[in-house]
Amino acid sequence: MTHSTALLTDHYELTMLQAALADGTAQRRSVFELFARRLPDGRRYGVVAGVNRLLDALERFRFDEQTIAFLADRGVVDQATRDWLAEYRFSGDISGYADGEIFFPGSPVLVVESSFAEAVLLETVFLSILNHDSAVASAASRMTWWAGGRPCIEMGSRRTHEGAAVGAALAAYIAGFTATSNLEAARRFGIPSTGTAAHAFTLLHDREEDAFRSQVDALGKGTTLLVDTYDVAAAVRTAIELTGPELGAVRLDSGDLPSLAGQVRDQLDSLGATKTRIIVTSDLDEFQIAALAPAPVDGYGVGTSLVTGSGYPTCGFVYKLVAREDASGEVVPVAKKSPDKISIGGRKWALRRRTPAGVAEVELIGVGEQPVDDGDDRVLLKPLVESGKIVGRTTPEESQAHHQKVRDELPRSASQLSRGEPAIPTDYIGDYNNRNPFLPRSHT
């Protein structure tokens, strides 16, 4: 059964619709934009994720009989509005940054063009998906960057809502994680899954050796044995006695990981298990992964910090009306001017300006007009929906490859974990000629 996503929204979106239908403004042509005013402290860039999940949600955004009945029972909107909602189908255009793309303050991550009525209803479901998934991907990208090619495994399902865990697994994969422990994510998105055993399996058996033997018999010598339940050195010795040098990996989940990894590496090598890998877990984040870079570690399992955005569980995306048709039929820019919540009116286009060597140097945004490619630029807004038809889906593998490519464009300073400004500035051209209000400086 396919469930409607139409109630993944806020009550006021429907009351705005009712009022607009009544006063005749509901069908005015409108442009909504989804963007972030700033990056979290210490972040030099953000990563877009959730676009394909957003498109799936849009496809199921239907006010079916049960949904309409609920609205009637609660008295949320009147009969005329319910009749309109029963026929709802998004018929407009959506362009946006692809899954895996990099974003900066002011980047027009999503541009929705349609009637006010059709577009306003999508605010909450679009924001909830992109804010969550992009927060996870932004943290994941920092982790995989500092992992330096060592594989990272997503294993945070038990640290977040069961539904969010599935989206988090995909977001992490887009940003370079190699696998997930979440089987629903593996089923739904086709990404690799992995897992072996927890401490409970060792504690179940009378002896650690019995637990290891059982796991090896079931999964083969290429498995990963968890060696820190009791005494690490004794467990490593027992593991190699059972498997010989063919043991796939050992996992460390506690202790002083950098020094412990060195001790275990020395022990494995002395026992002839030179190809047995060392996997570390234990509440890792990008800072700990960076600290482990010199250690003889072969892979990381990351949970809590990953699925909670490593301290920033939302990207701060907002969804604002930036242009609309006026009473004369002309589409005009509109913008909110409240202090600290400013936005820039007008339909946007975006280019990533690059040096001749291919290094990103400016996020160039045209307001009311498309910026001109100087020959080294890359267009950022891709068609996602055209006249209501979804045209912009990508596979998880394509999104992961795209992220690796665009992250490689960034200046090396983008990897820094200390506080600082975004890796590149955001500049505006066209109708908007003042300084960028999203940054403390302007390069225009």
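# Helix packing and buried residues

Visitor: Where does Val51 sit?

Guide: Val51 belongs to helix H2. Helices here are DSSP runs of H or I with at least four residues, strands are runs of E with at least two, and both are numbered from the N terminus. The model is predicted, so that local features need pLDDT of at least 70 and side-chain atom pairs count only at pLDDT 80 or more, while totals for chains, interfaces and linings use all residues. Residues are numbered from 1 along each chain as its sequence is written, and side-chain values use heavy atoms, with hydrogens and water left out.

Visitor: Is Val51 buried or exposed?

Guide: Val51 is buried, at a relative accessible area of 3%. Buried means under 20% relative accessible area, exposed means over 50%, and partly exposed lies in between, with a 1.4 Å probe and protein chains only.

Visitor: What does Val51 touch?

Guide: Leaving aside residues up to four places away in sequence, Val51 touches Tyr97, Ala98, Asp99, Leu130 and Leu384. Contact here means heavy atoms within 4.5 Å.

Visitor: And how far is Val51 from Thr395?

Guide: In sequence, 344 residues separate Val51 from Thr395; in space, their C-alpha atoms are 11 Å apart.

Visitor: Back to H2. At what angle do H2 and H6 cross?

Guide: The axes of H2 (residues 51-59) and H6 (residues 123-147) cross at roughly 160 degrees and come within 9 Å. Axes are lines fitted to C-alpha atoms, for helices over the stretch in contact, and angles run from 0 to 180 degrees between N-to-C directions. The two helices, H2 and H6, are therefore roughly antiparallel. Angles over 145 degrees count as roughly antiparallel, those under 35 as roughly parallel, 65 to 115 as roughly perpendicular and the rest as oblique.

Visitor: Left- or right-handed? Which residues make the contact?

Guide: H2 contributes Val51, Arg53, Leu54, Ala57 and Leu58, and H6 contributes Val125, Phe126, Ile129, Leu130 and Asp133. By class, this contact of H2 with H6 comprises 8 nonpolar, no polar and 2 charged residues. Ala, Val, Leu, Ile, Met, Phe, Trp, Tyr, Cys and Pro count as nonpolar, Asp, Glu, Lys and Arg as charged, and the others, Gly among them, as polar.

Visitor: New topic: H10 and H11. What angle there?

Guide: H10 (residues 208-219) packs on H11 at about 40 degrees, with the axes 10 Å apart. That makes H10 oblique to H11. Their crossing, H10 with H11, is right-handed. The residues in contact are Glu208, Glu209, Phe212, Arg213 and Val216 of H10, with Ala235, Thr238, Ala239, Leu242 and Thr243 of H11. They divide into 5 nonpolar, 2 polar and 3 charged.

Visitor: What about H11 against H12?

Guide: The axes of H11 (residues 232-243) and H12 (residues 257-270) come within 10 Å and cross at roughly 30 degrees. This crossing of H11 and H12 is right-handed as well. Val232, Ala233, Val236, Arg237 and Ile240 of H11 meet Leu260, Val264, Gln267 and Leu268 of H12. The classes are 7 nonpolar, 1 polar and 1 charged.

Visitor: Which residues of H3 are buried?

Guide: In H3, Thr67, Ile68 and Leu71 are buried. Seen down the axis of H3, they fall within an arc of 100 degrees, so they line one face of the helix. The arc is that of the directions from the helix axis to the C-beta atoms. Glu65, Gln66 and Asp73, on the other side of H3, are exposed.

Visitor: What do the buried residues of H3 pack against?

Guide: They pack against H1 and H4. H4 (residues 79-86) has Thr81, Arg82 and Leu85 buried.

Visitor: What follows H3?

Guide: Gly75 follows H3, and its phi is positive, near 65 degrees.

Visitor: Finally, how many helices and strands does the chain have?

Guide: The chain has 15 helices and 19 strands. Of its 444 residues, 53% count as buried. The C-alpha trace spans about 85 × 55 × 35 Å along its principal axes.

How values were computed. A crossing is left-handed if the near helix is turned anticlockwise from the far one by less than a right angle, and right-handed if clockwise.
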